Amino acid sequence: MDVAQGGLQQFLQLFLGWEGAAVIFAIAYLLLAIRESMLCWYAAFVSSMIFAVVFWDVSLLMDSALSIYYVVMAVVGWYEWKRGGKDHSGVKVHRWGVRHHALAITGVVVASMVSGYLLAENTNAAWPYLDSFTTWGAVLTTWMVTRKVLENWIYWVVIDGVSIALYIERGLYPTTILFVVYTIMAIWGYFTWREHLHESANRTAKLA
């Protein structure tokens with residue numbers, strides 16, 4: 001009983017701290033992104049700033065660097081959703097072709113092998129190759145979100161699944177819960193955005 005209570009207290013302390021705050025803002029970001037709300041980028045900015053510090057403290061160096069990238073992408077995403085696209089009225093949900101996906105996946109694998117090797121040889125990074133894979137995959141997929149590429153949600157399911165194993169091993173339990181939620185919500189996001197894409201296509205067809 002004492003062990004269980006101690007574990008519960010530790011969990012509550014973590015969840016009520018900075019990591020817990022980052023988790024709350026991150027979930028808010030995803031909920032808003034699924035709805036294509038501009039407010040998602042404000043939540044992303046705050047969450048990413050906090051996670052940059054949290055990951056640095058537990059030696060997930062690539063994840064810490066990735067969080068800084070997320071901060072930048074929050075600004076880029078806000079601009080693209082607000083002013084991007086050919087008519088500067090904001091980007092619309094669209095698909096990538098097979099060639100785009102092949103190039104993207106190849107780039108992530110090559111970058112992960114290179115940075116994983118460099119981290120393993122020169123730093124004390126935990127799980128350097130997996131950490132690199134989730135980092136480079138997230139770099140690509142976050143950019144896909146800023147451009148409203150539908151398949152970003154499928155990429156996130158894979159990345160989040162690998163991340164769950166990493167965070168359990170590092171003892172980041174609130175973050176682990178976050179990524180379980182992320183995985184479920186990424187599936188929801190895919191079907192929601194696909195519906196938005198079909199609705200947009202139908203409206204375009206009616207106007208033609």
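What follows is a short chat about how to read some features of this predicted model.

Visitor: What should I know before I start reading?

Guide: This is a predicted model, where local features need pLDDT of at least 70, side-chain atom pairs count only at pLDDT 80 or more, and totals for chains, interfaces and linings use all residues. Residues are numbered from 1 along each chain as its sequence is written, and side-chain values use heavy atoms, with hydrogens and water left out.

Visitor: What is the average pLDDT of the chain, and where is confidence lowest and highest?

Guide: pLDDT is the predictor's confidence in each residue, on a scale from 0 to 100. Here the chain averages 87, and 90% of the residues score at least 70. Confidence is lowest in helix α1 (residues 2-15), with a mean of 51, and highest in α5, at 94. As for the names, helices are DSSP runs (H or I, at least four residues), as strands are (E, at least two), numbered from the N terminus.

Visitor: Take α5, then. What span should its 25 residues have?

Guide: The expected span of a helix is 1.5 Å times one less than its number of residues. For the 25 residues of α5 that gives 36 Å, and the end C-alpha atoms are 36 Å apart, which agrees.

Visitor: Which residues of α5 are buried?

Guide: Buried means under 20% relative accessible area, exposed means over 50%, and partly exposed is in between (1.4 Å probe, protein chains only). An α-helix has 3.6 residues a turn, so residues three or four places apart point the same way. In α5 the buried residues are His101, Ala104, Val108, Ser112, Ser115, Gly116 and Leu119. The buried residues of α2 include Val23, Ala26, Tyr29, Leu30 and Ala33.

Visitor: Which residues form the nonpolar patch on the surface?

Guide: Patches are made of residues with over 30% relative accessible area and no salt bridge; like charges are joined within 9 Å, and nonpolar side chains (Val, Leu, Ile, Met, Phe, Trp, Tyr) within 5 Å. The areas come from the Shrake-Rupley method with a 1.4 Å probe, and for residues only the protein chains shown count as cover. Here Ile105, Val109, Val110, Met113, Val114, Tyr117, Leu118 and Tyr129 form the patch, with about 750 Å² of accessible area together. Helix α5 (residues 98-122) gives the largest share, seven residues. One to click on is valine 114, in helix α5, which is partly exposed at 46% relative accessibility.

Visitor: How many salt bridges are there?

Guide: A salt bridge is a side-chain nitrogen of Lys or Arg within 4 Å of a carboxyl oxygen of Asp or Glu. By that rule there are three. In one of them, the side chains of lysine 148 and glutamate 36 meet at 2.6 Å, N to O. That pair links distant parts of the chain, 112 residues apart: lysine 148 in the loop between α6 and α7, glutamate 36 in the loop between α2 and α3.

Visitor: And the other pairs?

Guide: Glutamate 80 bridges to arginine 147, with the closest N and O atoms 2.5 Å apart. Glutamate 80 is in helix α4 (residues 61-83) and arginine 147 in the loop between α6 and α7, so this pair ties together parts that are 67 residues apart in sequence. Glutamate 80 is buried at 16%, while arginine 147 is partly exposed at 27%. Then arginine 95 meets glutamate 151 at 3.8 Å, N to O. Arginine 95 is in the loop between α4 and α5 and glutamate 151 in the loop between α6 and α7, so that pair ties parts 56 residues apart in sequence. Arginine 95 is partly exposed at 41%, and glutamate 151 is buried at 9%.

Visitor: Back to lysine 148 and glutamate 36. What is the phi of each?

Guide: Glutamate 36 has a phi near 60°, a positive value in a residue other than glycine, and sits just after α2. Lysine 148 also has a positive phi, of about 60°, although it is not a glycine. Lysine 148 counts as buried at 7% relative accessibility, and glutamate 36 as partly exposed at 22%.

Visitor: Last one: what is tryptophan 78 in contact with?

Guide: Contact means heavy atoms within 4.5 Å. Tryptophan 78, in helix α4, is in contact with Met38, Trp41 and Tyr42, leaving aside its neighbours within four places in sequence. Tryptophan 78 and cysteine 40 are 38 residues apart in sequence and 8.4 Å apart in space, C-alpha to C-alpha. Tryptophan 78 is partly exposed, at 32%.
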